[in-house]
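Q: Please take a close look at one part of this structure. I would like the disulfides and what surrounds them.

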Amino acid sequence: MASLRCQLVLLLIIVCLTTYELHVHAADGAKVGEGVVKIDCDGKCKGRCSKSSRTKLCLRACNSCCSRCNCVPPGTAGNHHLCPCYASITTRGGRLKCP
């Protein structure tokens, strides 16, 4: 019985720490408003699309993806592994939507 209690306490501690880490990571470089942590999509997407040959198209797609995922990978290209939601959005044709 004591072993079961120890396992439950350990599981609870792990869940609490994971939740805390996710909250801290999501709040990094973000604005807090009305209890929801939201990043500056316009600023992040301007940086992401700064070297694009079709800037307006890139910004439109990036802002759409950012509003869904609340995440934009750093840099002007690649780094999709840092934002899995952003990397998983595809067009109807099966191509990646997010720049």
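Is Cys 98 buried or exposed, and what is its relative accessible area?

A: Cys 98 is buried, with a relative accessible area of 5%. Buried means under 20% relative accessible area, exposed over 50%, and partly exposed in between, with a 1.4 Å probe and protein chains only.

A word on the basis. This is a predicted model, in which local features need pLDDT of at least 70 and side-chain atom pairs count only at pLDDT 80 or more, while totals for chains, interfaces and linings use all residues. Residues are numbered from 1 along each chain as its sequence is written, and side-chain values use heavy atoms, with hydrogens and water left out.

Now the bond at Cys 98. A disulfide (a pair of cysteine sulfur atoms within 2.5 Å) joins Cys 98 to Cys 65, S to S 1.9 Å. The torsion about this S-S bond is about -95°, so the link of Cys 65 and Cys 98 is left-handed. The pair links distant parts of the chain, 33 residues apart: Cys 65 sits in helix H3, Cys 98 in the segment after helix H4 (84–88). Helices here are DSSP runs of H or I with at least four residues, strands are E runs of at least two, and both are numbered from the N terminus. Cys 65 is buried too, at 0% relative accessibility.

Helix H3 spans residues 55–69. Next comes the bond between Cys 69 and Cys 85, S to S 2.1 Å. Cys 69 lies in helix H3 and Cys 85 in helix H4, so this pair ties together parts 16 residues apart in sequence. Its torsion is about -70°, so the Cys 69 and Cys 85 disulfide is left-handed. Cys 69 is buried at 14%. Cys 85 is partly exposed at 35%.

A further link joins Cys 49 and Cys 58, with sulfur atoms 2.0 Å apart. This disulfide is left-handed, with -80° about the S-S bond. Cys 49 is buried at 0%, and Cys 58 is buried at 9%.

Leu 57 is also in helix H3. At 38% relative accessibility, Leu 57 counts as partly exposed. The C-alpha atoms of Leu 57 and Pro 99 are 9.5 Å apart, although 42 residues separate them along the chain.

Counting bonded cysteines along the chain, the pattern is 1-7, 2-5, 3-4, 6-12, 8-11, 9-10. The chain has 4 helices and 2 strands, in the order α-β-β-α-α-α from the N terminus. Buried residues make up 19% of its 99 residues.
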